Amino acid sequence: MRIRHRVPTVFSLYMVDVFCCALGCVILLWLLNLRAAEDQTQETTDLLHQTEDRAQLVSKRLQEAEDLARGQGTDLDGAYTYIANLQKRLEELEDEESALRKQLAGQATANDDLTKRLDASTRRATNLAAEVQEQDQRLKNALTTAALVPTLQKDLKTSRDDVARQAALASVLEKEIDQRMQLLAAAKKELAELQTARQTAMRTADNRDKELAELRTYKDRHANLEERATGLEKQLTAAQQNLTTLTDDRKAMQAEIGRVRAAADNRFAGITLTGRRVLFLVDMSGSMELVDENTPSPQKWIEVRQTVAKLMKSLPDLEKYQILVFSEKAAFLYGGEGAWIDYDPRNSADKALKALADVKPKGGTNMYAAMELAFGLRAKGLDTIYFLSDGLPNIGEGLTPEQERKLTEQQQGEILGKHIRKMLKTSWNRELRDQPKVRINTIGFFYESPDVGAFLWAMSREHDGSFVGMNKP
């Protein structure tokens with residue numbers, strides 16, 4: 001049955017038209033009200049001006065009347081009466097002016113209310129437009145999702161069919177193994193019965209000389225038993241062949257389990273095991289065979305060699321590698337200029353273990369020379385370094401002649417270590433556009449000072465690596 005999907009009708013063009021018409025009506029009503037308010041305001045203003053002109057005229061006439069009365073000195077009562085009437089008219093005009101001013105203030109308030117209503121309508125229109133845009137985006141997302149549904153359903157059906165086929169195949173294999181085991185058990189049982197019958201027949205044959213009839217019966221029975229034994233032997237041969245096949249399958253499975261267990265045993269905890277083109281940078285200074293200044297420990301160098309081999313076996317993506325050893329000078333273990341060696345999981349680790357066994361630790365610790373030579377491989381695709389050491393550098397570039405004379409070996413080591421870290425950041429392992437940064441993992445075989453661990457930890461953290469401290473051998 002074909003699945004049909006309907007596009008969700010959350011919002012439509014018809015609703016957009018309705019919204020636009022409503023918004024247009026609101027704006028039109030606002031414009032009409034605004035025009036009427038402006039006209040009424042203008043009329044009120046004109047009326048106010050006329051009232052002010054009339055008041056000024058009355059005041060002028062009042063002043064003329066007073067002047068006339070003073071000049072003539074006659075008919076003062078009539079003049080005063082005329083003045084009183086003018087003053088009364090002036091008060092009426094002032095009252096009318098006050099009323100007009102109140103009306104004008106009310107009209108201004110109405111205009112302000114109308115403006116506020118227009119602002120509210122504008123905000124509502126903006127919100128509605130935003131809602132329209134949001135609904136349109138939801139509609140597009142729904143259309144995109146609906147387009148993906150058939151493909152996802154097809155992939156799901158394919159996955160379910162694959163799982164069903166695998167389950168059916170596993171069930172058939174289990175049934176076949178059970179049938180073969182049952183057949184083997186039945187064959188063994190029949191063989192045991194046949195051997196018992198033959199023994200019984202042989203015991204009976206000793207007594208068959210007394211009775212010829214019993215002898216003939218025995219011969220017939222023996223012939224039948226031989227025929228049956230032949231058939232059973234054929235079945236036993238087939239069962240043994242099946243058993244051999246099952247035994248070979250079991251041995252292959254046990255070998256695979258052994259390989260997986262060996263790979264698990266060779267994993268090195270504490271370090272992110274990455275890298276395709278890897279350099280193992282190994283300290284072979286004299287301290288690598290000492291527990292402390294006065295205590296030799298040959299087992300320490302053995303543990304260093306085994307750690308290199310274990311790391312090499314544990315790297316899941318290792319394709320090419322090289323080993324660089326250093327003391328007062330640095331050199332590649334296999335000679336040459338550090339050409340990459342193809343990694344072979346069958347024998348590369350054993351070859352490295354044997355080559356390191358021929359190295360005798362001696363001399364000082366020149367880490368500067370080792371790092372400078374190591375990063376010559378960066379242009380050849382170097383992506384990861386595993387650095388194994390037990391101490392701070394004690395010779396190499398980074399010290400002034402005065403520092404070499406006056407400072408202790410511990411102080412010189414701290415200065416040399418800081419210089420190496422600076423060179424790594426600014427030169428050897430700096431950010432380059434066409435070459436990725438090299439990851440540096442460090443493994444410390446502690447000698448005496450805890451500053452060794454701090455130095456190795458800082459170097460690994462600054463270059464995206466991990467640090468592991470090994471116990472004293």
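Me: Is Y343 buried or exposed?
Reply: This is a predicted model, in which local features need pLDDT of at least 70, side-chain atom pairs count only at pLDDT 80 or more, and totals for chains, interfaces and linings use all residues. Residues are numbered from 1 along each chain as its sequence is written, and side-chain values use heavy atoms, with hydrogens and water left out. Buried means under 20% relative accessible area, exposed over 50%, and partly exposed in between, with a 1.4 Å probe and protein chains only. The relative accessible area of Y343 is 16%, so Y343 is buried.

Me: Which aromatic cluster does Y321 form with other residues?
Reply: Rings of Phe, Tyr and Trp (its six-membered ring) pair if their centres lie within 6.5 Å, and planes under 30 degrees apart count as stacked, over 60 as edge-to-face and the rest as tilted. Y321 and Y334 are edge-to-face, at 6.4 Å centre to centre with 80 degrees between the planes. Y321 and Y343 are also edge-to-face, at 6.3 Å and 85 degrees. The one aromatic cluster is formed by Y321, Y334 and Y343.

Me: What is the length of the polar contact that joins the side chains of E462 and R421?
Reply: A polar contact is a pair of N or O atoms within 3.5 Å; within protein, one must be able to donate a hydrogen and the other to accept it, and residues adjacent in sequence count only if both atoms are side-chain atoms. The side chains of E462 and R421 are joined by such a contact, of 2.4 Å.
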